[in-house]
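Dear colleague,

Please find the structure below, together with its sequence. My notes on the findings follow it.

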Amino acid sequence: STETTMPELLYKQKSTLEISGQVISVTPLFQDSEDHKIFSLVLQDSATIERNKGLNTDVSEIHVLFFDEWAEACNFINVEDALKIHNFDVMQTAGTGMEGTGPYTIAPNPESEVTVDRHRKVFINSSNVKSFDYQEEAVKQSQTYQSLLLSGQNQFTRVGHYYDVIYGTGTEPGRVKAQMTWLLTSLNCNFVKTILDMGCGTGLTGFYLAHNDMKVTGVDCSDVLLEIGRAKNEHMAEHQRIPFHKGDISADFRLHKDFAGTTVVESFDCVLMLDCLQYLPTMDHIRKAIRAAWYHIRHEGWLYIDVPYHTVSYQSNTEQHMAEYPIARNVISSLGNSLGIDEGVLHVLIRTYKEKNKKCFEWYGHATQFNKQKKSNYFTNWTEKFEELYINWGELDEIIKQEGFTQVAVYGNMIGDEFEMTSKRKVLICKKNEATTKTAQLD
């Protein structure tokens, strides 16, 4: 509870209009000294932004107050949600402490219709506002996200077999080899022999390490990439093959094994999270992924994290460039093992832009390849879209500490260069704390 009272009402009038936009700040639900429940937020009104530019003003931020049953029902709304309110009261208030840039505040009334769009759309009006369970809705939003994740979002489903062409040899094959060599050297220095590769993709990194006498296990959520990884196993010696598992690393993820008749969580000398955490939707999902890693690391084992340092590497709203990748039949990964892909060239138009707190990528691929049996060229077109989270670096440091790790080294890339504010990557080497304990379940 709080001693804060209802805001002083200076003016009030009903409106049948509709406002919509993005939530940019939220004040959590509280109860005032007169037992009124109050939940408030500020909405960036999309309809007035362009008009304000023309008038050289900024009154697009609207303060929205939810009272009593509306406050109870709507307090699951969070920053970056899309919000629409049809029919509402327009008020002029004083003393809220959270006014928008405009002179007025709005509040739902018995005729209001509120629509919230996050991972799924939610409609709240007079027929369900009193019975609406905001906690149940928060669970449904999470379940809907997991469903979207498993159905193909951020899974490189369309790029398919060209994934290795782009990430395996890339436009700088010498640099890829240098990254693999540096990683192997670092792991050897830390006496790592067993590895869990979380977000393993097709096994580009894992197979290189397995080829160099390390025992690697991979987990990923993409059926397409896992299928390619398993196909590669057929070209490997038995001791170099990787067990691939499908799983969401930000969920309640565990790998189990039998030990003396008991099922236990499988542990490793090191967990790799290379170029994958940024594809998770929120910092909370990153926390859960790092927590899941903790359970799979032996006493005083290691966690390696590699993520883009977007503060530097992405500075403008929209960028576009063309990349060209040679498709060599026998050189499509860091090891050069063949999957029978025809030789040719892949052209990819890469478009990047900012959308909310994400860096969005749109890839438009066009491959020209030569079929030796038919002695003719053929063409393949595909598109791919995925999103990268702009990582909150201070929060990430705190998460790593809270989840039982100590950062022992920070680098600016995967070849061991010193990290600077101009670096395009951030590589963290962390050690599992000696005396950390956790409960059996993830939150």
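How many aromatic pairs does a search of the whole structure find? The search finds 12, where rings of Phe, Tyr and Trp (its six-membered ring) pair if their centres lie within 6.5 Å, and planes under 30 degrees apart count as stacked, over 60 as edge-to-face and the rest as tilted.

This is a predicted model, in which local features need pLDDT of at least 70 and side-chain atom pairs count only at pLDDT 80 or more, while totals for chains, interfaces and linings use all residues. Residues are numbered from 1 along each chain as its sequence is written, and side-chain values use heavy atoms, with hydrogens and water left out.

Aromatic pairs

The pair formed by Tyr167 and Trp363 is tilted, because the ring centres are 6.1 Å apart and the planes stand at 35°. Tyr167 belongs to helix H4 (residues 163-169) and Trp363 to strand S17 (residues 358-371), so the pair ties together parts that are 196 residues apart in sequence. Helices (H or I, at least four residues) and strands (E, at least two) are DSSP runs, numbered from the N terminus. Trp363 is buried, at a relative accessible area of 5%, whereas Tyr167 is partly exposed at 26%; buried means under 20% relative accessible area, exposed over 50%, and partly exposed in between (1.4 Å probe, protein chains only).

Trp294 and Tyr295 are both buried. Their ring centres are 5.3 Å apart and their planes at 85°, so this pair is edge-to-face. Each ring also has a charge over it (NZ of Lys or CZ of Arg within 6 Å of the ring centre and within 35 degrees of the ring normal): Arg254 sits over Tyr295, 3.8 Å from the ring centre, and Lys432 over Trp294, at 4.0 Å.

Open sheet

Four strands form an open sheet in the order S15-S16-S17-S18, with antiparallel pairing; two strands pair if DSSP finds at least two bridges between them. Its edge strands are S15 (318-327) and S18 (376-389). S15 and S16 (residues 344-355) pair over 10 bridges, and Thr318 has Tyr353 as its bridge partner in S16.

Yours sincerely
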